[in-house]
Structures are given as C-alpha cells and as structure tokens.
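Hi,

Here is the model I said I'd pass along. Have a look at it first, and then read my notes below.

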Amino acid sequence: MRPIETFFRSVSNVFGAVALIFLMFLMLGTTVDAAARGLWGRPISGVFELAELSMVMVVFLGLGWTMLDNAHIRVTLLVERMPAGLARVAETLSWLFAALFLLILAMPASQDAVHSFAIREFRWGHIEFPIWWAKIALAIGLWFGCLQLAFHAVYVALRGAPRHTPERDLRIEP
C-alpha cells in the first residue's frame, strides 16, 4: 500500500500547489480589481472571469490535500459508539459512498470536458476567456478524488480508520 499512498500524496501535493496559485490570484487579483474600480471607476478586464474559474480550481484541486489531512467534515456521533468491527464497516461504507458520489459527478463532468475541449469553449465577458481547460481540470479533480476516496475505503477496511490528532480534532465536549 505504501507506493499507492506515495502516489496519492505526490499528486495531491501537485494539485494542491496549483490550487494555491489560483488562491493567490483570487486574493491578489480581486484586491487589485477592487482598487482599480475605486481609483479609475472601471474593473480590470478578465479578472472576474478568471476569478470564477479560480474558485473551481481551488475547490476541486484542493480536495486531495483535505483527504491527506483527514480534514473532511464528518459526523461521528454514532460511529464512536459502535463496536470496533461495526464501526470499521460503517467507516468503509461511508468512504465508498463518498467515492460513488464523486464518480457520479465525474462521469458527466468528463463528458462535458470532452465536449468543451472539442468546441474550444469560451466565456463571453469583457474579454473572450477560454474555459475548456477549467472543465478538464474539474473532471480530473473529481476522478482523482473518487480514486482517493475509494483507496481510503480499502485502507479503512484493511487497517481501520486513521487516528485523529488532537490539534486537528475539533470536538465540543459537554
């Protein structure tokens, strides 16, 4: 399993780095655009369009890092009270259903990405902005997330759920 874990970690780090670049653009581009609107009364062409696509990139390419940190939002009220074997089955099934959900999203996203690339789709705005590349990245991110969640389900089935570290485990105690 170690080579597969290394693969997922490496790809997640690459996707995460790309997501961070788009996040930096969102912060800086939006700030500069807002300043330009205030100073000159008009926006910078293309910033709005790229900001829309940047949000998609941040979310779907950042999924891998969330999985690596085991930081997905989870409600564990029932699983924590189950016997260990039943809890493992419940955890495995929940990760499999999450993978299935991403698979259901990835299939039409892939078809749309192929079509978008074939027609070199672009978005009309202040400038003609190509969006086919973002649709391809969205589909890749969904497929990667699906594979990552499916692998995690197998991991949980074989080894049990990974332990939560106290600094990441935010619990409200009565």
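How far does α5 reach from its first C-alpha to its last? With 28 residues, α5 reaches 40 Å, close to the 40 Å expected at 1.5 Å a residue. The expected span here is 1.5 Å times one less than the number of residues in the helix. Just after α5, G160 takes a positive phi of about 90°.

Some housekeeping before the rest. This is a predicted model, with local features needing pLDDT of at least 70 and side-chain atom pairs counted only at pLDDT 80 or more, while totals for chains, interfaces and linings use all residues. Residues are numbered from 1 along each chain as its sequence is written, and side-chain values use heavy atoms, with hydrogens and water left out.

**Overall picture**

The protein has five helices and two strands, running α-α-α-α-β-β-α from the N terminus. The radius of gyration is 20 Å, well over the 16 Å that the globule rule gives for 174 residues, so the protein is more spread out than a compact globule. Helices (H or I, at least four residues) and strands (E, at least two) are DSSP runs, numbered from the N terminus. The radius is taken over C-alpha atoms, and the globule rule is 2.2 Å times the number of residues to the power 0.38. Along the principal axes, the C-alpha atoms fill a box of roughly 65 × 45 × 30 Å.

Of the 174 residues, 32% count as buried. Buried means under 20% relative accessible area, exposed over 50%, and partly exposed in between (1.4 Å probe, protein chains only). For contacts (heavy atoms within 4.5 Å), take the pairs at least 6 apart in sequence: 75% of them join residues at least 24 apart. The protein exposes about 11300 Å², and carbon and sulfur atoms supply 71% of that; the areas come from the Shrake-Rupley method with a 1.4 Å probe, and for residues only the protein chains shown count as cover.

On charge, there are 14 positive and 13 negative side chains, with the centres of the two sets 6 Å apart. Lys and Arg count as positive and Asp and Glu as negative, leaving out His and the chain ends; each charge is placed at NZ of Lys, CZ of Arg, CG of Asp or CD of Glu.

**α4 and what comes after it**

Helix α4 covers residues 84-118, and its 35 residues should span 51 Å at 1.5 Å a residue; the end C-alpha atoms are 50 Å apart, which agrees. Its buried residues include A87, E91, W95, L102 and A113, and the buried set packs against α3 (63-68) and α5 (132-159).

E91 is the one I'd point you to in α4. Is E91 buried or exposed? At 7% relative accessibility, E91 counts as buried. Leaving out residues up to four places away in sequence, E91 touches R74, V79, V156 and A161.

After α4 comes R120, in the loop between α4 and β1 (122-123). The phi of R120 is near 50°, a positive value in a residue other than glycine. R120 counts as partly exposed, at 45% relative accessibility.

Further on, I131 sits in the loop between β2 (129-130) and α5. I131 is buried, with a relative accessible area of 12%. Apart from neighbours within four places in sequence, I131 is in contact with L53, S116, E121, F122 and R123.

**α1 and α2**

Helix α2 (residues 47-61) has 15 residues that should span 21 Å at 1.5 Å a residue; its end C-alpha atoms are 20 Å apart, which agrees. Buried there are V47, E49, L50, A51, L53, S54, M57 and L61, and their cover includes α1, α3, β1, β2 and α5.

From the α1 side, look at L26. L26 is buried, with a relative accessible area of 17%, and it touches A51, S54, M55 and V58, not counting residues up to four places away in sequence. The C-alpha atoms of L26 and V58 are separated by 9.4 Å, with the two residues 32 apart along the chain.

R37 is also in α1 (residues 2-40). R37 is partly exposed, with a relative accessible area of 44%; beyond residues up to four places away in sequence, R37 touches R42 and P43.

Cheers
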